[in-house]
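I'll jot down what I look up as I go.

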Amino acid sequence: MNDLETRAAVARPGALRRAAPALLGYAAVRALGLVVLALWSGARGKSAYTLLTARWDSLWYTRVAELGYGYEVRLPNGDVHSNLAFFPLLPWLERLAAAVSPLSHADGGFVVSLLASLAAAWGIFAVADHLYGRRAGVCAVLLWAVLPVGIVQSMAYSESLFTALAAWALYAVLTGRWVTAGLLAGLAGLTRPVGLAVVAAVWAAGAAAFLRERSGSSFVGDGSAVPAG
């Protein structure tokens, strides 16, 4: 379909039901990964939950949520690590979760990541299903679920949040929902540096669609537009 047709297209009914096999498969794979992590951590006397919520980048995001920006660490070799490297959307959501619930900032980050990972799986399915059909959508989601680094999808990191926003922004572009695409791309740009690439891609696609529509019409003497050809 062309841009005008996709813009007028009505969303297919039962979208969640259609995506259910992909989402259930994704949840099963990620649950298996968490069980393996729990067993591995327990065998070594460590807490799997601590590994998911209070290690590496998770600590930086939590500190931003609790104290804001301006914190830095100076290493013995002279390197400086600043929390300005961590984009604000995830800390904002962690702070919101802590404000409206008994969750800590770290717990909020974990919950946001879990929910965002499901939203991302659904977005990946929606894009692949729209382009290639339901089977391709399910396969795409399962491939994303079994990535060797897939454990970060369950950590209090920004990967799942970024993927969800990027996938749904792409789906909005494919279906001609330009305002939605722009909003989602803007939010993706608040999650991590690569989000700026999503913003650029949506702007480029929007500009291309606009130029195609403009080239599809011509102007006659009184200035009214008529279809060309």
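**Entry: a greasy spot on the surface**

I started with the surface and found a nonpolar patch made of Leu-103, Val-111 and Leu-115, which together have about 230 Å² of accessible area. One note before going on: this is a predicted model. I then looked up Leu-115 and found that this residue sits in helix H6, which covers residues 105–132. Is Leu-115 buried or exposed? Leu-115 comes out at 56% relative accessibility, so I put it down as exposed.

I checked the confidence next. The chain has a mean pLDDT of 88, and 89% of its residues get to 70 or more. I marked residues 1–11, where pLDDT stays under 50 and the model has 15 contacts beyond four places in sequence. I also marked residues 218–229, with pLDDT below 50 and 13 contacts in the model beyond near neighbours in sequence.

**Entry: the overall layout**

I counted elements: the chain has 10 helices and 4 strands. Reading from the N terminus, I get the order α-α-α-α-β-β-α-α-α-α-α-α-β-β. Of the 229 residues in the chain, 36% are buried. I also looked at who touches whom along the sequence. Taking contacts with a separation of 6 or more, 62% are between residues 24 or more positions apart.

**Entry: what the UniProt record says**

I looked up the record. The UniProt entry, which is unreviewed, puts "transmembrane region" at residues 21–43, 110–128, 135–156, 168–187 and 194–211. I picked two of these spans and checked them in the model. Residues 135–156 are 50% helix and 0% strand, with end C-alpha atoms 30 Å apart. Residues 168–187 are 85% helix and 0% strand, and here the end C-alpha atoms lie 11 Å apart.

**Entry: salt bridges**

How many salt bridges does a search of the whole structure find? I got 3. My reminder to myself is that side chains of opposite charge can pair when their charged atoms come close.

I took Arg-18 and Asp-129 to begin with: they form a salt bridge, and their closest N and O atoms are 2.7 Å apart. Arg-18 is in helix H2 (residues 15–43) and Asp-129 is in helix H6, so this pair ties together parts 111 residues apart in sequence. Arg-18 has 28% relative accessibility and so counts as partly exposed. Asp-129 has 6%, which makes it buried.

Then I went to Arg-74, which forms a salt bridge with Glu-72, with the closest N and O atoms 3.2 Å apart. Arg-74 is exposed at 61% relative accessibility, while Glu-72 is partly exposed at 37%.

I finished with Arg-192 and Glu-159, whose side chains meet in a salt bridge at 3.5 Å, N to O. Where do these two sit? Arg-192 is in the loop between helix H9 (178–188) and helix H10 (195–215), and Glu-159 is in helix H8 (residues 159–174), so the pair ties together parts 33 residues apart in sequence. Arg-192 is partly exposed, with a relative accessible area of 23%. Glu-159 is partly exposed too, at 24% relative accessibility.

I went through the phi angles and stopped at Trp-56. Trp-56 has a positive phi of about 55°, although it is not a glycine. I wrote that down because most residues other than glycine have a negative phi. I found Trp-56 in the loop between helix H3 (48–53) and helix H4 (57–67). Trp-56 has a relative accessible area of 53%, so I list it as exposed.

**Entry: a serine tucked away**

Ser-41 has 0% relative accessibility, so it counts as buried. Which residues does Ser-41 touch, leaving out those up to four places away in sequence? I listed Lys-46, Ser-47, Ala-48 and Leu-51.

Terms used: Residues are numbered from 1 along each chain as its sequence is written. This is a predicted model: local features need pLDDT of at least 70, side-chain atom pairs count only at pLDDT 80 or more; totals for chains, interfaces and linings use all residues. Side-chain values use heavy atoms; hydrogens and water are left out. pLDDT is the predictor's confidence in each residue, from 0 to 100. Contact means heavy atoms within 4.5 Å. Patches are made of residues with over 30% relative accessible area and no salt bridge: like charges are joined within 9 Å, nonpolar side chains (Val, Leu, Ile, Met, Phe, Trp, Tyr) within 5 Å. Accessible areas come from the Shrake-Rupley method with a 1.4 Å probe; for residues, only the protein chains shown count as cover. A salt bridge is a side-chain nitrogen of Lys or Arg within 4 Å of a carboxyl oxygen of Asp or Glu. Buried means under 20% relative accessible area, exposed over 50%, partly exposed in between (1.4 Å probe, protein chains only). UniProt positions are given in the numbering used here, feature names are shortened, and annotations may be inferred rather than shown by experiment.
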